[in-house]
Amino acid sequence: MARMIGAKAGVAAVLALLVSSSSAFTAPASALSMKTGGVTSQPIGHYEFCQTHKSECRPGARTAPAKVTEFGWSVVREINARVNRDITPMTDKELYGKDEVWAYPDNAGDCEDFVLLKRRMLMQKGFAAGDLLITVVRKPDGEGHAVLTLRTTQGDYILDNLNNDVKLWTKTPYRYLKRQASFHAGRWVSIENGDAVMVSSVGQ
């Protein structure tokens with residue numbers, strides 16, 4: 001029993017280094033966070049992934065995002081850059097001979113695979129699943145793409161295999177379409193202000 005208590009205390013101590021208690025936004029939420037709508041269609045690749053990884057597609061508690069500490073941000077940036085460096089970009093056609101296979105990469109993968117690995121690594125570090133959301137976007141050239149959204153009290157930040165910098169979502173060049181629901185890892189919700197990035201870019 002003492003050993004279990006000690007282990008729990010250790011996990012809590014690590015978590016405290018990564019995040020602190022939630023606090024109010026210092027700017028309007030619309031400028032910092034994606035506004036999500038109702039439940040929408042789940043990407044076929046994620047649906048098939050969930051059939052073999054059921055424990056990773058379960059409902060969770062509805063919680064406010066936590067405030068990431070300075071140390072927590074260093075962990076986020078390190079994992080984003082490390083995965084981008086270690087995994088070679090390859091299409092599903094090249095790897096599996098077919099489209100839309102979502103899987104944890106060994107040494108190569110496409111954008112969804114990068115996201116899955118980053119999400120798992122950050123969860124292993126103590127970040128909550130409800131704050132690490134696979135997100136589907138459209139690039140300026142119209143091509144579909146996947147990134148990882150990190151929910152924080154400072155806003156929604158993006159981990160992207162095309163960029164080693166972790167940026168506020170409105171500082172990226174994408175149109176945001178939908179993402180995992182923060183309350184259920186197996187459901188997806190629409191992003192109602194997904195064009196905010198484009199409007200912001202025009203205004204700069």
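Reply: Take contacts in the protein chain between residues at least 6 apart in sequence: 63% of them join residues at least 24 apart. Contact here means heavy atoms within 4.5 Å. The model is predicted, so local features need pLDDT of at least 70 and side-chain atom pairs count only at pLDDT 80 or more, while totals for chains, interfaces and linings use all residues. Residues are numbered from 1 along each chain as its sequence is written, and side-chain values use heavy atoms, with hydrogens and water left out.

The chain has 204 residues, and 45% of them count as buried. Buried means under 20% relative accessible area, exposed means over 50%, and partly exposed is in between (1.4 Å probe, protein chains only). Seven helices and 11 strands make up its list of elements. Both are DSSP runs numbered from the N terminus: helices are H or I with at least four residues, strands are E with at least two.

Seven strands form an open sheet in the order β2-β11-β10-β6-β7-β8-β9, with antiparallel pairing. Two strands pair if DSSP finds at least two bridges between them. The edges are β2 (36-40) and β9 (163-168), each of which pairs on one side only. From one strand to the next, the twist averages 35 degrees. Axes are lines fitted to C-alpha atoms, for helices over the stretch in contact, and angles run from 0 to 180 degrees between N-to-C directions.

Helix α3 packs on this sheet and touches β6, β10 and β11. The direction of α3 makes about 165 degrees with that of β11. Helix α4 (residues 70-86) also packs on the sheet, touching β7 (144-152), β8 and β9. The direction of α4 makes about 140 degrees with that of β9.

Now the neighbours of β10 in the sheet. β6 and β10 run antiparallel and are joined by four bridges. On this pairing, Val136 has Lys178 of β10 as its bridge partner. β10 and β11 also run antiparallel, again joined by four bridges. There, Lys178 stands opposite Ser190 in β11. A hairpin of two residues links β10 to β11. Five of the seven residues of β10 are buried, so the strand is largely enclosed by the rest of the structure.

Within β10 sits Gln180. Gln180 counts as buried because its relative accessibility is 1%. A polar atom of its side chain lies 2.8 Å from the backbone nitrogen of Ile134. A polar atom of the Gln180 side chain also lies 2.9 Å from the backbone oxygen of Ala185. These are polar contacts: pairs of N or O atoms within 3.5 Å, where within protein one must be able to donate a hydrogen and the other to accept it, and residues adjacent in sequence count only if both atoms are side-chain atoms. Beyond neighbours within four places in sequence, Gln180 is in contact with several residues, including His46, Arg119, Leu133 and Trp188.

An α-helix has 3.6 residues a turn, so residues three or four places apart point the same way.

Cys50 brings in one more feature. The structure holds one disulfide. Cys50 and Cys57 form it, with their sulfur atoms 2.1 Å apart. A disulfide is a pair of cysteine sulfur atoms within 2.5 Å. The torsion about this S-S bond is about -85 degrees, so the disulfide is left-handed. Both Cys50 and Cys57 are buried.
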